[in-house]
Amino acid sequence: MTAINIYHFMPDKLNLYGDIGNIIALSKRAKWRGIDVKVTDVKETAGLKLSEADILFIGGGSDREQAIATTELFKIKDEFKAAIEDGVPALTICGGYQFLGEKYVTPDGHELKGLNILDFYTESKTERLTGNIVIESETFGQIVGFENHGGRTYHDYDTLGRVVSGFGNNDTDKKEGIHYKNLLGTYLHGPILPKNHEITDYLLKAACERKKIAFSPLNDNIVEESAKKVIIDRLLADQ
Ligand code: GLN
């Protein structure tokens, strides 16, 4: 059976707040549809065949881990950009999202080079943007998650959504994340995918379309009625 190949970059370094749960959510929702999944943990990039990847995933990490991971990922930045431009679905979280830009400036003014795949940058402050977050997305509806970052990201690309409660990309413009072709970047941990199956299915559907694998809907009534709605209602009531 044809499988969906998920490339999980630097899982030993970039896995804050259970980001591995995103891989589990992708795998489960594919398997519930009878679609096979193969997860490749990419700890070093030598010999990597990026053209075989159907979904790319990068989780979040501390500034220290981020610096190590950037050095490794920098080696494949041109192939990574080409994959994104070609429409390969990708999800990048927090530190992983910050990587996509030109640079990440730490609170003490130290500059970590980004992969420069997209035209934005991030600067960090010691005061962190932390807590639960709710956003409203035209593509995905209401999205809930958890954020904890010093980085403030600024850009004019399409976003994942508008912040209803919490911070998002920074503490001023109420934008959250980035949506470019089939790439999603976001500050939402939680992890985001188990809490927001619409995003999981967006990534899977895009991968299936590219690979000409049939993609069927799942019955999500139970999910709809579950924790997500309770959390969102409570967060909005507390405002
Ligand atoms: N080091 C980054 C920041 O603090 C990313 C943190 C994260 O991935 N949660 O902004």
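A residue counts as buried if 20 or more other C-beta atoms lie within 10 Å of its own, as exposed if 12 or fewer do, and as partly exposed in between, with C-beta atoms placed from the backbone. All the views below show a predicted model, where local features need pLDDT of at least 70, side-chain atom pairs count only at pLDDT 80 or more, and totals for chains, interfaces and linings use all residues. Residue numbers start from 1 along each chain as its sequence is written.

View 1. Arg128 is partly exposed, because 14 other C-beta atoms sit within 10 Å. You'll find Arg128 in strand S7 (residues 121-137); strands here are DSSP runs of E with at least two residues, helices are runs of H or I with at least four, and both are numbered from the N terminus. Setting aside residues up to four places away in sequence, Arg128 touches Asn148, His149 and Gly150, where contact puts the two C-beta atoms, placed from the backbone, within 7 Å. An unreviewed UniProt entry gives Arg128 the feature "binding site"; such annotations may be inferred rather than shown by experiment.

**View 2. The shell around the ligand.** The ligand is surrounded by 13 residues, the closest being Gly60, Cys94, Gly95, His149 and Gly151; to be near, a residue needs its C-beta atom, placed from the backbone, within 6 Å. By class, the shell has two nonpolar, ten polar and one charged; Ala, Val, Leu, Ile, Met, Phe, Trp, Tyr, Cys and Pro count as nonpolar, Asp, Glu, Lys and Arg as charged, and the others, Gly among them, as polar.

**View 3. Helix H1 crossing helix H6.** The axes of H1 (residues 20-31) and H6 (residues 197-211) come within 10 Å and cross at roughly 70°, the axes being lines fitted to C-alpha atoms over the stretch in contact, with angles from 0 to 180 degrees between N-to-C directions. So H1 is roughly perpendicular to H6, a label for angles of 65 to 115 degrees. H1 brings Ala25, Leu26, Arg29 and Ala30 to the contact, and H6 brings His197, Thr200, Asp201, Leu203 and Leu204.

**View 4. Ala30 up close.** Ala30 belongs to helix H1 and is buried, because 24 C-beta neighbours lie inside 10 Å. Beyond its neighbours within four places in sequence, Ala30 contacts Ile4, Ile35, Val37 and Leu204.

Notes:
Parallel < 35°, antiparallel > 145°, perpendicular 65-115°, else oblique.
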